[in-house]
Amino acid sequence: MKQTLLVINASARSTRSLSRRLTQRFTDAWLSRLPNSKIIHRDLAASPPPHVTEDWIAAVFTAPEERTDEMKRILAWSDEAIAQLDAAGIIVIGVPMYNYGMPSSLKAWFDQVIRVGKTFTFDLARGDYPLEPIMSGKKLVVLSSRGEFGFGPGGIREKVNHLDPHIATCAHYIGVSSDDIQTISIEYQEFGDERHRQSCEDAESQIDDLVFDLTCSSQHLR
Ligand SMILES: Cc1cc2nc3c(=O)[nH]c(=O)nc-3n(C[C@H](O)[C@H](O)[C@H](O)COP(=O)(O)O)c2cc1C
């Protein structure tokens, strides 16, 4: 596993963001154990990904050697984001829940990096599962904050949690298998009560444990 981290933040909030606080704790803990690691930062609020357009789709489905300069320009953001992804062994995503799913900025990032011929192949001749990822062996850490509560397994809002299942489905196409996804969440943000305080404390302690485990396993590999 490569010791390069790609840290993505999707909260529209800056200093008040809880998900950003979690990604910061993760990277601080990581660097205190493996100071020579490379960290690539991608702030989707400060620099939102472009939306997919008709011209973008046309460029993607044009053979690379036939692309015009304009097509290359249209794909430049995607090319750079895919290169960052390719370089990383661990992807850390700080993500708020917005309207029971991911913020549109993060969805736009997935739309830019899940790209035919770059991150997945598409073989219609195969009847069963024609989309196959090209990348493999990456780990994903999802650090999230939610205003309400009960989004975990068996919780009262599990069925309206469209954030975690959507990210897990997309993760397959960027080289992360379902066993390699760790999710740590803060809940109760809108209540601001003792349950929220406890949830923050639990999330921070889970992050410390996770960083310990991940850095132990990655120290033996390059
Ligand atoms: C536009 C918007 C939509 C939100 N939708 C939900 C929601 O559907 N469910 C929920 O539990 N919290 C929701 N929240 C609350 C956020 O998830 C919560 O404030 C979280 O802490 C935001 O992450 P951040 O602190 O990193 O900015 C929403 C907040 C905003 C701003």
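Helices (H or I, at least four residues) and strands (E, at least two) are DSSP runs, numbered from the N terminus. This is a predicted model, in which local features need pLDDT of at least 70, side-chain atom pairs count only at pLDDT 80 or more, and totals for chains, interfaces and linings use all residues. Residues are numbered from 1 along each chain as its sequence is written, and side-chain values use heavy atoms, with hydrogens and water left out. An open sheet of five strands, paired in parallel, has the order 2-1-3-6-7.

**The sheet**

- Two strands count as paired if DSSP finds at least two bridges between them.
- The open sheet runs in the order 2-1-3-6-7. Its edge strands are strand 2 and strand 7 (176-186), and each of these pairs on one side only.
- Neighbouring strands of this sheet are turned by 15° against each other on average, direction ignored. Axes here are lines fitted to C-alpha atoms, for helices over the stretch in contact, and angles run from 0 to 180 degrees between N-to-C directions.
- Helix 4 packs on the sheet and touches strand 1, strand 2, strand 3 and strand 6. The direction of helix 4 makes about 145° with that of strand 2.
- Helix 6 (residues 163-171) also packs on the sheet, touching strand 3, strand 6 and strand 7. The direction of helix 6 makes about 160° with that of strand 6.

**Strand pairs**

- Strand 1 and strand 2 pair in the parallel sense over six bridges. Val7 stands opposite His41 in strand 2.
- Strand 1 and strand 3 are parallel too, with five bridges. Here Asn9 stands opposite Gly94 in strand 3.
- Strand 3 and strand 6 form a parallel pair over seven bridges. Pro96 faces Ser145 of strand 6, standing opposite it.
- Strand 1, helix 1 (residues 18-33) and strand 2 make a right-handed β-α-β unit. A crossover is right-handed if, with the strands pointing away from the viewer, the path from the first strand over the helix to the second runs clockwise.

**Strand 3 and burial**

- Buried means under 20% relative accessible area, exposed over 50%, and partly exposed in between (1.4 Å probe, protein chains only).
- Strand 3 is mostly covered, as seven of its seven residues are buried.
- In a regular strand the side chains alternate between the two faces of the sheet.
- Both faces of strand 3 are covered. Ile90, Val92, Gly94 and Pro96 are buried on one side, and Ile91, Ile93 and Val95 on the other.

**Helix 4**

- Helix 4 has 12 residues (76-87), which at 1.5 Å a residue should span 16 Å. Its end C-alpha atoms are 17 Å apart, which agrees. The expected span is 1.5 Å times one less than the number of residues.
- Trp77, Ser78, Ala81, Ile82, Gln84 and Leu85 are the buried residues of helix 4. They cover an arc of only 155° around the axis, which puts them on the same side of helix 4. The arc is that of the directions from the helix axis to the C-beta atoms.
- These buried residues pack against strand 1 (4-9), strand 2 (38-43), helix 2 (54-60), strand 3 (90-96), helix 5 (104-113) and strand 6 (138-145). Contact means heavy atoms within 4.5 Å.

**Helix 6**

- Leu163, Asp164, Ile167, Cys170 and Ala171 are buried in helix 6. Seen down the axis, the buried residues fall within an arc of 130°, so they line one face of helix 6.
- The buried residues of helix 6 pack against strand 3, helix 5, strand 6 and strand 7.

**Single residues**

- Thr4 lies in strand 1. Its relative accessibility is 13%, so Thr4 counts as buried. Not counting residues up to four places away in sequence, Thr4 touches Lys38, Ile40, Ala87, Ala88, Gly89 and Ile90.
- Asp111 is in helix 5. Asp111 is partly exposed, with a relative accessible area of 29%. Its contacts, not counting residues up to four places away in sequence, are Val52 and Trp56. The C-alpha atoms of Asp111 and His51 are separated by 7.9 Å, though 60 residues apart along the chain.
- Asp180 sits in strand 7. Asp180 is partly exposed at 24% relative accessible area. It touches Lys138, Lys139 and Leu140, not counting residues up to four places away in sequence.
- Glu148 is found in the loop between strand 6 and helix 6.
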